[in-house]
Amino acid sequence: MYVKESKNECSGCTACMNACPSICITMTEDEEGFLYPLIDENLCTNCDLCRKVCRFKVQSERPNRDTYPIIYAAKNKNVTVRMKSSSGGAYTAISDYFLENGGYVFGAAFVEDFKVSHTKAKSVEERDSHRGSKYVQSNLNDIFKEIKLLLKDNNKILFTGTACQVSGLNSYLARDYENLFTLDVVCYGTLSPKLFSDYIAAITKNKKLKEYYFREKKISWRGINVSAVYVDGTYICNNKKLNVIHELYSKNFALRPSCHNCYFTNLNRVSDMTLGDYWGIEDVKPDFDDSKGVSVILINTPKGKIFFENIKEKFDLLISNAADCTKKQPRLSFPTEQSPIRKEFWHDYSQKGFKFIVRKYTSLGKYTRFGAMRLIKKTIFFFLSALKK
């Protein structure tokens, strides 16, 4: 049986798996490619710790809510760093501090076959794999246990993830470690790893992929700008086939079910600091916007405030407020709405595969025979309706 009966109430944070004293829980992929904790009832002792450690619906209030979060718009002063980052280059500055002081950095990276997993970085080269947006849900594996051992040995640790992953780590550790700093990213929702793997297979049918970016900045910080670099040197950006993944993602067909029931899409953050894109900066402070990327930084705890003093000189900063930073960043106010045809999408996917759902559910379909037939049917329906009138 699963730890949670409803998939709407499981973020896949792995806290229950890591906390299980009987080691009877495994993270098991479902038909949509998301991982859920499955209990081996032959090994289970019914201690119920797996359910006690789950923090999905229990979001504790931060102290001093009148003081936090402290909100900034930020741009890394190093333009090269900023251009290699998704937004304003804040993550690089934060993680640099930990690496320079002998610490470890944990974050999401593309690994073999462009799957997304959390990895440990001890060097700048390893850390750089964490930079850039990755809309796919990352596999945490046994990262929580590794972090706990490193913390007990007095190592400085930076953990970066979605708010639900940070919450899961906090719950698993069950105490505050002074040498742990948590950083969450403003999250739209996490994409199905299965869907993304099928997509990668489709765009690498005839070429081997070397690099992939959900958001390419050479054109603009804004917009889709999906890009790929192949081993043979071919570079593609904003190709219709590349962009289908962003279209499927933004139409909310393939997000984890719990993302539509997220308890972390507000300003009551669970981490020491929150990072995201400062969408709308061109409206609230046009002089600060140069189209190369601006981060919104939320300092959520006294620990976060003290730490920020160590790195603030690396940024051009502008003090901000909740009203301005949430105007065009809705994930700081409410969860992403589920598509009304999500079930239909997954039924089609399971029965007919990736190529079919691309033809049916994305704009690429209008360039195929399937899309042409759909257009013909709509045209016929339009004329028949007009005749009836």
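**Close-up views of the predicted model**

**Figure 1. Lining of the second largest cavity in the predicted model.** Helix α7 (163-173) makes the greatest contribution to this lining, supplying three residues. Along with α7, helix α1 (15-19) provides at least two residues of the lining. The second largest cavity has a volume of about 140 Å³ and is lined by 20 residues, with S11, C13, C54, R55 and F56 nearest its centre. By class, 12 of the lining residues are nonpolar, five polar and three charged.

**Figure 2. The largest cavity and its lining.** Its volume is about 200 Å³. Among the 21 lining residues, C164, C187, C262, F264 and T265 lie nearest the centre of the cavity. The lining comprises 12 nonpolar, seven polar and two charged residues.

Figure 3. Leaving aside residues up to four places away in sequence, Q137 touches S11, F34, V116, T190, L191, P193 and R256.

**Figure 4. Buried and exposed residues of helix α13 (residues 342-352).** R342, F345, W346, D348 and Y349 are the buried residues of α13. These residues lie on the same side of α13, because they cover an arc of only 160° around the axis. They pack against α8 (193-203), α9 (240-250) and α14 (354-361). Exposed residues K343, S350, Q351 and K352 are carried on the face turned away from the buried side. Just after α13, G353 adopts a positive phi of about 90°.

Key. Residues numbered from 1 in each chain as written. Predicted model: local features only at pLDDT ≥ 70, side-chain atom pairs only at ≥ 80, totals over all residues. Heavy atoms only, no water. Buried < 20%, exposed > 50% of the residue type's maximum accessible area, 1.4 Å probe, protein only. Helix = DSSP H or I, 4+ residues; strand = E, 2+ residues; numbered from the N terminus. Arc of directions from axis to C-beta. Contact = heavy atoms within 4.5 Å. 1 Å grid on protein atoms, 1.4 Å probe; cavity = no way out; pocket = protein on both sides within 12 Å on 5 of 7 lines; lining within 4 Å. Points joined across faces, edges and corners; volume = space filled by probe spheres on them. Nonpolar A, V, L, I, M, F, W, Y, C, P; charged D, E, K, R; others polar.
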